[in-house]
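Subject: Structure handover

Hello,

Here is the model for your files. Please open it alongside this note.

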Amino acid sequence: MNRRDTCLALLAFGASPLPGLAQPAAKIYKIGFLCYTAPRTVMNLILAPLRESGYEEGRNLVVEYRSADGQLGRLPGLAAELVAAKVDLIVAWTNPETLAAMRATATIPIVMVANQVPVESGLIASLVRPGGNITGTTIQGPETAGKILEVLHDLLPRAKRVAVLWEPEFPGMELYRQATERAADAMGIRLTLLSGQSIAEIEAAFAAIVRDRPDALFVVPSGAINRNRSRVIEFAARERLPAIYPFKGPEIEGGLISYAQDYGPLVRRSASFVDRIERRETGRSRDRATYYF
């Protein structure tokens, strides 16, 4: 499997096997969760393997959860709240949360879960040695845009006009736009970029699609679009518009095809980062600490 076709890139452990989570020491850990659009059910995906390893809310674990409910402007304030709450560690689900957490603290460890282009976005120094106080996992990078268009083109060789639903203000999305446009030029595909920053913009994109009738729809992974994915899928099915989605599982029922990562291994690896950092930091100052392993 080559790098371009790999949807899930694991950071910091390199090729070493995933270690089992160890029993935590006898102290109370306070973990902060910072989410742009993710519901509490996503937070529980991280907590489940930690509970299996002996972390238990009410006994040795305190959870501080903050969600921006899809409003990017709220993230800096929520990140500051977690720092003020003196959490031991911040779990940041995607790019905007990681960026807000990084700007709020240079000493509290940050574990990013489903980050995109962290190096290009200036969040970490490299995938092998992130440096600073940030580590974690990353998902689809801009290089997958060409593969996604290639899959769509193989299914629909006559499709020459493709609408792209994306979130331009989502950190790192400009790189996706550039990669997508390069791939489209090589295949002779004309793209129409439609912003999906909010429900209002998504509805406006729907109206533009109905008016212009593109041959297919390419949905780019990002916070607001993921949050409204059922609305997007229902629209495409109703309009009989072939679409390729960044979602996986039963939620794409009614869609044509998806190109997405498996969150199971990704979430467990993220929980492993949380566990190892907490055990490493017990009784030790975090000043100038780095968290690659």
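Below is what was found, from the whole chain down to single residues.

First, the ground rules. This is a predicted model, where local features need pLDDT of at least 70, side-chain atom pairs count only at pLDDT 80 or more, and totals for chains, interfaces and linings use all residues. Residues are numbered from 1 along each chain as its sequence is written, and side-chain values use heavy atoms, with hydrogens and water left out.

Whole chain

The protein chain has 9 helices and 11 strands. Both are DSSP runs numbered from the N terminus: helices are H or I with at least four residues, strands are E with at least two. Of the 293 residues, 53% are buried (under 20% relative accessible area, with exposed over 50% and partly exposed in between; 1.4 Å probe, protein chains only). The chain exposes about 13,000 Å², and carbon and sulfur atoms supply 51% of that (Shrake-Rupley method, 1.4 Å probe). Take the contacts (heavy atoms within 4.5 Å) with a separation of 6 or more: 71% are between residues 24 or more positions apart.

The open sheet

Five strands form an open sheet in the order S8-S7-S9-S10-S11. Their pairing is parallel; two strands pair if DSSP finds at least two bridges between them. The edges are S8 (190–195) and S11 (257–258), each pairing on one side only. Inside the sheet, S9 (residues 216–219) and S10 (residues 243–245) are joined by 2 bridges. Leu217 has Ala243 of S10 as its bridge partner.

Two helices lie across these strands. Helix H8 (residues 229–238) lies across S7, S9 and S10, at about 160 degrees to S10. Axes are lines fitted to C-alpha atoms, for helices over the stretch in contact, and angles run from 0 to 180 degrees between N-to-C directions.

Around strand S4

S4 covers residues 89–92. Leu89 and Val91 point one way, Ile90 and Ala92 the other, and all are buried. S4 pairs in parallel with S2 (residues 29–35) over 4 bridges. There, Phe33 has Val91 as its bridge partner. S4 also pairs in parallel with S5 (residues 110–115), over 3 bridges.

S4, helix H3 (residues 95–104) and S5 make a right-handed β-α-β unit. Right-handed here means that, with the strands pointing away from the viewer, the path from the first strand over the helix to the second runs clockwise.

Best wishes
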